[in-house]
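I opened the notebook to look up ring contacts and strand pairing. The entries follow in the order I checked them.

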Amino acid sequence: ICYLSVMSKLTPGKEYERKFLVRAVLFTGAILRTAVQLRIRQGYLALVPAQVRVRHVHGEGYVLEIKGEDDLEIECGALADPYGRELLEKYAPRVASIIEKVRYEIPAGFDGLSWEVDIFKGDNAPLLVAEIEMPEKDYPLLERELPAWLGEEVTDDPRFKNKNLAVRPFKTWPKSEQKKTLKRMGL
């Protein structure tokens, strides 16, 4: 059974995010030890006109999600195994590659917000990308004290969107783009 619920914890039906590269050298073990850790695999069943993805969070199961234009994001609900596994393993690879990552949830220290830092595995390793979901589109994030490990903002760079990393994984980028990105991450 598929039930509708909104994915955003802050703004029902909408998701306002900002993305940043992570300075790998400053993102230390001490930060990782205190963070909530999730192992995630996700794949896309459709990319246009809306993204339909199936996500598996280790220990929590499978979820079907729809992301539309204008920041709309809807969770269709939990998928029982083996159905979720079949969608992810059999059908999603026909659309694009599977995204693998370890996500660390870290309190931002203001307004109850949290950073989600994704350490990509597989075809997108060694990318490190942080994102933060904000309560409104015009939230004054840059007026807050941001962590030292936060690097350059990539919110408007389509290469770092998960759907694009599934279609064009980091390992397939031209070597010059890879080197430039790794340098921006301090690697």
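Are tryptophan 115 and tryptophan 149 buried or exposed? I find tryptophan 115 buried, and tryptophan 149 is buried as well. I note that this is a predicted model.

**Aromatic pairs**

I searched the whole structure and got 5 aromatic pairs. In one of them, the ring centres of tryptophan 115 and tryptophan 149 are 6.0 Å apart with the planes at 75 degrees, so I logged the pair as edge-to-face. I placed tryptophan 115 in strand S8 (residues 114-120) and tryptophan 149 in the loop between strand S9 (128-134) and strand S10 (150-153), so this pair ties together parts 34 residues apart in sequence. Ring pairs also link Phe20, Phe27, Trp115 and Trp149 into a cluster.

I then looked up phenylalanine 160 and tryptophan 173. Their ring centres lie 5.6 Å apart and the planes stand at 75 degrees, so this pair is edge-to-face. Phenylalanine 160 sits in the loop between S10 and helix H3 (162-167), and tryptophan 173 in the loop between H3 and helix H4 (175-184), 13 residues apart. I read a relative accessible area of 1% for phenylalanine 160, which is buried. For tryptophan 173, also buried, the value is 3%.

**Strands around S7**

I traced strand S7 (residues 99-107) to strand S3 (residues 36-46), where 7 bridges pair the two in the antiparallel sense. Arginine 39 is opposite valine 102 in S7. S7 is also joined to S8 by 7 bridges, again antiparallel. Here isoleucine 106 faces tryptophan 115 of S8 as its opposite residue. S7 and S8 make a hairpin with 6 residues between them, and I noted a positive phi of about 90 degrees at glycine 109 in the turn.

Methods:
Residues numbered from 1 in each chain as written. Predicted model: local features only at pLDDT ≥ 70, side-chain atom pairs only at ≥ 80, totals over all residues. Heavy atoms only, no water. Phe/Tyr/Trp six-rings, centres within 6.5 Å; stacked < 30°, edge-to-face > 60°. Helix = DSSP H or I, 4+ residues; strand = E, 2+ residues; numbered from the N terminus. Buried < 20%, exposed > 50% of the residue type's maximum accessible area, 1.4 Å probe, protein only. Pairing = 2+ DSSP bridges.
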